[in-house]
Structure formats: structure tokens, C-alpha cells
Amino acid sequence: MIMEAIGLIKSYGEGSATVKALDNVTLQIEDGEFVAIMGPSGSGKSTLLHLMGGLDSITSGQVKVNGRDITTLKEAELARFRRKEIGFIFQSYNLVSVLTAEENVALPLLMDGCKESVMRENVGKAINLVGLDGRSHHRPSQLSGGEQQRVAIARAIVNNPSIILADEPTGNLDSVNAEEIMDLLSNLRNKSGQAIVMVTHDPKMAAYADRIIFLKDGRIIDEERLGGKIDQKKLVSKLKGSTN
Amino acid sequence: MLSINRLSARQLLVRKGRTILTGLAIMLGVASIFSLLIIATSATMTLERYGRANFGFADLQVVPDPAADPKQVAKDVASLTNIEGVAFERQWMQRGDLDGQRFEFHIKGIESKNAVASRLYSLSSGHLPKRDGEVALSATFAQVRGYQIGRIFTLPLKSGAKKLKITGLINDGPSINSVIAGVYVDMPFINKFGPKNTAWNPSSIQVVLKKGESQRSIASRIEKMHGVALVITADEALADIRRSMASTRSMFSMFGAVALVVGMTLIYTAFGITAAEREREFGLLKAIGANSRWARRLVYREAIILGLLYSAIGLLLGLCLSFAFMWIMNTGEPGNIDVTALSITSEDAIISFLAGIGATLFSVFLPARKIGKIHPLAAIRPQPKSEQSISKTRWAGLLIIIAGITMLFKFSIANNSTNMAAMAFAAVFIIYLGVAIFTPLIIGPLFNLLDWLSLKRVGAAGKLASKNLSAQSLRSSRMVTSILVGISFVFLVAFFGESAASIGHQILKEQAKYDLAITSEDEGTLPFVSKELLRKVKGLKEAELVTSIRLDKVKVTKLDVQGREMKMDKGFNKRLEQNLFTPGINAVDPKLYPKLSSLFFPKGVDGNRVWRQLHGKYVLANRNWAQTLRLKPGDRVRLVGKGGKSEEFEILALCDTFLVGTRHWEVGSLFISQENAKKYLNLNEDSDMLVKLKKGSDKAVAIAKIKQLIKGTQLEVKTHKQIADMVDKLMAEPMLFPSLTFNIAVLASLLGLINTIAIGVLERRREIGLIKAIGGTRGQVRLTIALEAVLTSLAGTIFGVLIGTGIAVILFKSISAANDIKPTFFYFPVIVTSFPLMATVALFVMVIIVSIIGALIPVRLANKITPVEALRFE
Ligand SMILES: Nc1ncnc2c1ncn2[C@@H]1O[C@H](COP(=O)(O)OP(=O)(O)OP(=O)(O)O)[C@@H](O)[C@H]1O
Ligand SMILES: [Mg+2]
């Protein structure tokens, strides 16, 4: 087991205006597992991902990564944790616009104080893995959406994290590009054995996962294990059920 | 591949607009400090060189008592054992025209036969004048005019031009604005043509000591001798010059420091405003693993690069500015210090450079802290704007303001003018700090009110503009503060200048009863006005009233201050003391004088009564002079007139004045009735006349007639207006440096305003894109932004003017208070506060224009961006 969330609660605001974005969520992610999280808008998917990635404070509960409780970490340790253990991929790519593709990929290594040669090697590998060899000197503004997301993926994996968290990574892409990205992610998982937790609205994308977790109103309402076979119908009906 | 330096450099390179605007702030700060320092240093060095050269190569200068016989004093001094030799010098100042240009000739009579004299002047070529009809000229003057040895120089004396053969050129220091000409003649020339009365003609005895003798100990011995008024050693003279320049320097450093504060505010605002936009940038870095320290490091790295680069450019700009100012000074009105050579010292450059970098780092300190605290999710979703709520702790700003004001009231307690300037600066700085902290508390509600008002009246652009201003109240007030600091600084200097200029006007207005003044600018031979001339002018059929003024010097030997005899402060500088104890005295006719001119009495003094009483054994004392000596009405002074005749007088009242002539305006230290002057002090020779013409008489004819009458004398006839202009010029002189500073301040604050507004717009490209995306036209965008800019800068200007006025009034109050005890700090006769109305109107007009420019340049750029581009998630 690579990651574990126990009784996670996240609430926003105070008093009567309190919104419980997550309400007692408990889940486990196994080594190398690919988990999809689905649920209606506002159900707390992003919030869950942010808490697992140490991006936001937890109201109560625990997140353990490799057995270590991240809720007790101090700011600087948490930053280190994000840098070392987590690779984040966002729906809107979130690249640094002034840097080239390869420089964007190099950022986490730079923050790590990596040696120039190591940096060069790792960045080259990551860029190669996402298939962007010819485009490493381009700026984000010169890249297509799919390419930008590949850069984001390369940046997420360059530090060789134990887990990749992706929030609707294909949300901004057309279906062809989306499938390419999904292929890329599942290949990565197969090659380097990283666990992936991905939020998605799209059953087609969710079908790449080993397991789907359904969220509603901040609670896990269902779980589906996919034995490599895609049962679209069942999935869609599950989704409908969760939406109702 | 990628390094933190490269990352910061890339940020700076790609965000060009932001970089340039932030850099501009640094540049302006550094440039103003550097140019002010250069000018201050150059002026100091020039004066120092001039003073040293002017003092000559003697070890001591002995100034004889006006009542004593200088020749006898010279003889006595020469008889001392430790002295190598003694030479006598007489100086005489006279103005005259050469090819239509007015020069001030400093004619020096030297003893050419005296062996010591030849060692006192540094000849660059030729030899000293040996006989009557020969002349040596100052080398710089000769160079400017193209004179050469062997040629004839025509000295335009009032009594007729004198042709003199040039025998030598003398290095007597840098020229003062190239209108002062050193003319060295043999003593008989002065005896023949120069003034007979020594009171206006400083004679000095130049003393050369034997090797190894201590200047001061011998000077002290000479001071005790009979008939010696003052002994100045070469070392003391130099120290004197340095000391007198110290307050000028400290004034410059004070202005420089304020300029730095303005620059710092600009830099801080630039970083502060961009921080909002950068929240996303840094949020992203944090999300992918940057910690606060790393984020801060990135900010500091950028600041250092910016600071280094733009401070260097600022130095260059400062250099250009000082060259420009030097040019302005040299083409301006004559009479000022001519900084012909700029002294560019590495010290000043290093100070300015470090100040720039220091200010930059200081300015990013808070923004960096804020950036360090940015939430990692800032990149992913807009954060609740906690910083938009205005903290109540800002009320503490009010306390800081009060502390600053208290300090400003008390700054005169410092023991010298350098410390006074430093304290005044510190006080002003503290006030600004308080203002910066406090203003959001006012600006927020102000813009809310504006929003509420405008919602009902104006179109879409107006609504949007006022909404933006009120919704982003912290950003708005930050911009307002930044503008406010610059404007109030400009206004402070403007206020200062206006008030100083109005002093002359105000006093002249009091004196505006005569039509013509018959006077002389020169130190000449008394009497200028003979009894016969006075009778003839009185006899003119155009003249209604004519009065004469008798201006001479007396010696004060005793002061009874509130019943006890007064002792002088040890700290007073010797020259000042000398001036104080040999004041100028004006003998006037108490009946006629007030009808033609008048004096400026303090509030509550009945002028008519004063004039009636002046027939008694009373004198009127110049306020400044009296305050320097701590004299009050009712105190008594013993005056020594011609031939040692002396008498005690009571001070009837204090007054302020501008004298008719321009000889020295501090000469009007005492006023006395003409009868008393004659009876008790043996002063009976008139120097000036005032004429009031009959109604309907032809002024031009009267002038022509008077010109005929005064032909061949040193007198000139001047209209009231000419005198007024002269006074204006006189007032403008000490204001030249402040007015240069004013120019720097205007430049810095207007550029700063453009800068602030432009940064504000630049950082809102996305917002502008959004307005366009939902159907706003280019025109609407332009109008909205322009409105916002104008409203922001107007708010800044209004508050700036208010705060500037407040500081100026307090500053003047405490300067007035300081003048009671330290008259050397500012030597204005009356401290009147006068609101610079024209400058204020001009300021508002300029601010509106400049803020529109500041807003429209970036809007133009932003307007070029398509809505999609602007909204694209970077
Ligand atoms: N900063 C915040 N303050 C207050 N409420 C918040 C905040 N962030 C999220 N929420 C609330 O928490 C709940 C969960 O939000 P979250 O972003 O996790 O939903 P989501 O499942 O990712 O939705 P979507 O599919 O639309 O992205 C929502 O009701 C949202 O309104
Ligand atoms: Mg979401």
C-alpha cells in the first residue's frame, strides 16, 4: 500500500456557512495501482486529490504516504514531500509560461538542488518518455494542448514520485488527444510502477483504471473494480446512479 | 540547463513591461540621488577651491576695525617677531558693462612694491601690476573674454572708463558664474578712483608667517591688538567654507533621501501590485514542490538582478541629469555658483548605487514575505482575497503620523544645521510611513462612496471604473499612496519656493509708495548723494516728495539684553560675529520715509507710533539681526559712529525690510532718525534717495532729468518695478538649488505616476481581455482604464497636496521657531507661508494628462490582445 486516507474531513468556512467538501473519506491506494475518481460536480473530487497531495490543509483525518503521516509535516517538509513523492497533473496544464518545455520539466529538480548533469539526464528521459523529443525548446504558447499536457506529465514524473495525482488531465483535450494521454499514463504506470489517482468525468477515461471510486457529497458511495475489461454500460449506469 | 538565476532572468526578460516599469522606479531613485549628490559635491568643491584661492596664499588675514586706521594696524602687526611679512590689500566691488554684459568687478589694490605681496598671488603668467595704469586679471575671466598679456583692458568705471595694460594673469580660483572678474591694480589706482570710505570697502592685511609658526596662536595675539576687528587664519577660512557648505550638502542629502523614499515607494508599489498577478505563478511553483524559502529566494534574486542593472542605468541617467542641470545653471541668471566642472566622485556613485540596491531589497522584503506565504492552490483556483480586507491595525499609522509631526515640531533642538536637516528628514520620513500605513483606511471608504455615487449617474465605463477601484481597495490605495508620496514631495518644495518668493513681494508691497529710487549697486565712495544733489532733485517740478537715506556702518560695543550685558556664544563663526557687531545703519527721516517707503513690522506693532517716537533716542532693529543677538524691544545697544562718537540707544521695535539698493540686504540692521545719526554718531552723508512723482507727471521725463543730474556719479535711477525685479532675482538665487531639486522631484514623481498607473494596467491584461470577451469595446476599455487612472491620481494628488501643505506649514513653523535661536539655518527675514496656487493648478493639470498617458500606453498594448489570447490560461 502506497497511500492511505483515513477518515478525511475537509470543511470550508465557519459557523452556519460551513461547507463539508469531504465527509469522512477513507481509502487505500496500492503500489502501482491506477485509481479513477468519479462523481458529480462539487462532490469533492478535487478536494480529495489536493488533500492527498499535501496541497491543502486537512480539517481532520490522516493521509499516510508510504506509512508516513503527512498531516504532521511542516511547511518546508510538505513542500519537499510534494516535490519528491507526488507528481501533479492539472486539467489546465499549469506550465510556467516563460520557460521552455524542458525547463518546465527541470523545475522540480532545480528546487531539489539537483546537479546539472543529473538534471539534464532525468529531463531528457522524461521528455523522451512523453514523446516530446523534438519540442523540448518550445514555449508552452507554442505547443498544442495535448503537447502541453505531455510536458506537464513529464514534469510530474521527472522526480520519479511514488504516486501521480491527476485532476481531469484530459478535460481540456479532444478525444484523440485524450486517449493518447491516457495511453501514455497507463504505459508509464506499467513501465515504472507508479500509482496513479485520476479524477475524471469521462467513463472512457475511467475505464483505463484498475478501480473506480465514486464520490457524492463528499462521501465515497461506491467502488468498482475493473478486471482489465471495460464494461461501459455498467459504468455509465453506476455514474447515473451516483448523479441521482 | 535551468538555474535559479536563469529562471529569474527569464521572468524579467519575458515580462518586459513589468521589468521595465519596476526598473524605472529604481532608476529614478538612483538617478535623483546621484545627480543631487554630484551637484552638491561639485558646488562644495567649487566653493572650496574658490574660497581657498580667494583667501590667497597668506597665512592670516587681519581685518582692521572700521574706526581704526588700517595703515597703522598693518604697521603694528608687521612689528611682531614671528612674522615674515605683511602686505596690505584693499578691495572694491563695482559693477559695469562689457559688450552689454554686466560684470561684477572685484578690484583689488595691491602693494606691488612690497616683497611679501608678490608671494600672495599665484600668477599663471606675466607679473603683478607695478605702476599706475597696469593691471593683472583673473585667469578664468581673461580666458572667457579672450584677454592676453600686453593688451589693453578697459575697466568700465562709473566715473569713466579706464584703460589699463594687462601685465599678468592670476589664478584666483574657478570663476563664479563667469560674471565676477578679479581685477588687480596697484594701490595708487584704488586711492585715486576707489571709494574713500572704508566702511564698505573691506581692507585686509595679509600676513605671512615665518616657517613653523602656529597660525592660531599668532592670530590670537593679533586679535588682542588695538584696532583689530578680526583675524582669520587660512585653516579657519577653509574650515569656515566647509562648514558653511555643510548645511547645503545636508540639504541636498535630505532632498536626495526624500527622493530615495519616493523611489522606494515606487519600487515597493511596483512589487506590491505585481504580487497579485504573481500569486498564480508562485502558487504553481509551490504546488509542484517549492517551499517558501525557495520562492522568496527567487523574488530576491530577481530584485538583485533588477537592482544591479537599473541602479547602474540610474547612475548614467543621474550623470546626464547633472550635466543638464549644470547647463541650466550656467545659462540661468548670473550671480550663482558656477559649477563649471562637475566633481563626479566614486564615493557619490557608490553611495547612490548601494542606495538603489538597498532600496530595492528593502522594497521587496514585504512582497517577498507575502509571496512566500502564497497557498499552493493559488494557481488552481482563485484564493479568497484575505489581503483585500483592510486591517484595523492600520490605525497605528495615525500614531506614527503624530509621532512624526511631533518630531518635526521639535527638529530645531538639534545642535547644528546638519543634524537639523537630518532630523527634519527623519521626521518627514516617519510621517510618510504613517501616511502609507494609514491611507487605505481613508481610500477604501472614499472609493466606496465614489462607487455608490457614480452607480446612479454615469455610463458603463464609469460604473466599471468605480467598481474596480472600490472592490480592489487595497490595490487602489497602494497606488494612491505611491502617487501621494511623490506629489506631496513636489508640493513641499513648491510651497517652500512660493513662500520664499513671496517674502520679497510682501515686503516690497509695504514699500511700494515711491516711484523712483536713486541708488547705487556698488560699494562706492560716500556720499553718493550730495546735499546739492538732494536739493536739485527736490527742486524738480515733477517731484512731489523726496527723501534721502543715509546708509553707513556702525560698530556695536555693548548690548544690554534685558538689563544684563550680553556675551556672545563661543560657537558662532567669526565672520558672522564680525557682521553682527558692525551692522549697517539706515538714517531716515521719520516723517518723510514712511510716506515713500516703509518697514515691515510684526503683528501688533503700530507703525505710525513707531515713526513718531523715532525722534527720541531710539533705534529700530532688523528682526533677524536682533534675534541673532537675542535682542528684544526695550533692550539697549551702544553704537559707535564716525570718529569714535558713541551713544546708547533703546530698541523701539523690531522690523523686517528689503533695502532700496542691493548692496547687502543684511545691512539694514538698524534704523535711526537722521537728526540722531548726525547728532550722536556723526553720520551726515546720504547714500540713496526715494522720489514720489506728482500725479500726472511724466515719469520718463523725470527719469531723464534725474539721469542728467546724477551724471558722473555712481548713482543710478531705478523704477519701483526694477527694484521689485531685483528683489525677485535676489530671492531666486538661494532658491535655485531647491528649484533644481524641484525639477528632479517633478520629474521623478510624474514618471513615478506613469509608472504606477502603467503597472496597474499591465497586470490586468486578463481582466481587460475579459471585459472585451463579454462584449466591451476598445473605447470602453480605454475609458474605464483612463477614468480609473485619473481618479486614482487625483485622489493621490489631493491627499499629496494636503499632506505637503501640512508638512510645509509645520516645517515653516519650526523653522521660524528655530530662527529665533539659530538664524543661520535659513536666513529669510520673514517666514511667510504662501500657498503656491499656480503650481497647484499646474500640478493637477499635469497629473491628469500624465495619468492618462500612463494608462493609455499599456491599454494600447492590452487592446491589441484578442480576448481569447488574454484569457488563455498560461
Ligand atoms: N475554497 C473553498 N471555499 C469554500 N468552499 C469550497 C472551496 N473549495 C471547494 N469548495 C466546495 O467544496 C466542494 C467540493 O469542491 P471540489 O472542487 O472538490 O469539487 P469537484 O468534485 O472537484 O467538482 P468539479 O467536478 O466541478 O471539479 C464544493 O461544494 C465547493 O463549493
Ligand atoms: Mg474538480
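User: Let's start with A:E33. Is it buried or exposed?
Analyst: A:E33 is buried, because its relative accessible area is 6% and the cut-off for buried is under 20%. Keep in mind that this is a predicted model.

User: Where does A:E33 sit in the chain?
Analyst: You'll find A:E33 in the loop between β2 (19–29) and β3 (34–38) of chain A.

User: And what does its side chain reach at 2.8 Å?
Analyst: The side chain of A:E33 gets to the backbone nitrogen of A:E30 at that distance, 2.8 Å.

User: Which residue does A:E33 form a salt bridge with, at 2.6 Å?
Analyst: That's A:R211, with the closest N and O atoms 2.6 Å apart. A:E33 is in the β2–β3 loop and A:R211 is in strand β9 (residues 211–216) of chain A, so the pair ties together parts that are 178 residues apart in sequence. A:R211 is buried, at 4% relative accessibility.

User: What about A:R225, how does it meet A:E33?
Analyst: Their side chains meet in a salt bridge too, at 3.8 Å from N to O. A:R225 belongs to strand β10 (residues 219–225) of chain A, so this pair ties together parts that are 192 residues apart in sequence. A:R225 itself is exposed, with a relative accessible area of 59%.

User: Which residues end up in one network?
Analyst: A:E33, A:R211, A:E223 and A:R225 are joined into one network by salt bridges that share partners. Over all chains, the structure holds 30 salt bridges.

User: Switching topic: where does ligand 1 lie?
Analyst: Ligand 1 lies between chains A and B. It is surrounded by 13 residues, and the closest are A:S41, A:G42, A:K45, A:S46 and A:T47. Helix α1 (residues 45–52) of chain A gives the largest share of that shell, three residues.

User: What classes of residue are in the shell?
Analyst: Around ligand 1 there are seven polar, three nonpolar and three charged residues.

User: Which polar atoms lie by its oxygen atoms?
Analyst: Among them is a polar side-chain atom of A:S41, 2.4 Å from an oxygen atom of ligand 1. A side-chain N or O atom of A:T47 is 2.5 Å from an oxygen of the ligand, and a polar backbone atom of A:G44 is 3.0 Å from one. The protein covers 66% of the 630 Å² of accessible area that ligand 1 has on its own.

User: Last one: which residues form the nonpolar patch on the surface?
Analyst: B:F835, B:L837, B:V841, B:V845, B:I849, B:I853, B:I857 and B:L861, with about 720 Å² of accessible area together. B:L861 is in helix α24 (residues 837–864) of chain B and counts as partly exposed, at 47% relative accessibility.

Conventions
Residues numbered from 1 in each chain as written. Chains lettered and ligands numbered in written order. Predicted model: local features only at pLDDT ≥ 70, side-chain atom pairs only at ≥ 80, totals over all residues. Heavy atoms only, no water. Near = heavy atom within 4 Å. Polar contact = N/O pair within 3.5 Å; in protein donor to acceptor, adjacent residues only side chain to side chain. Areas by Shrake-Rupley, 256 points an atom, 1.4 Å probe, with all protein chains shown as cover. Helix = DSSP H or I, 4+ residues; strand = E, 2+ residues; numbered from the N terminus. Nonpolar A, V, L, I, M, F, W, Y, C, P; charged D, E, K, R; others polar. Patch = residues over 30% accessible without salt bridge, like charges linked within 9 Å, V, L, I, M, F, W, Y side chains within 5 Å. Salt bridge = Lys/Arg side-chain N within 4 Å of Asp/Glu carboxyl O. Buried < 20%, exposed > 50% of the residue type's maximum accessible area, 1.4 Å probe, protein only.
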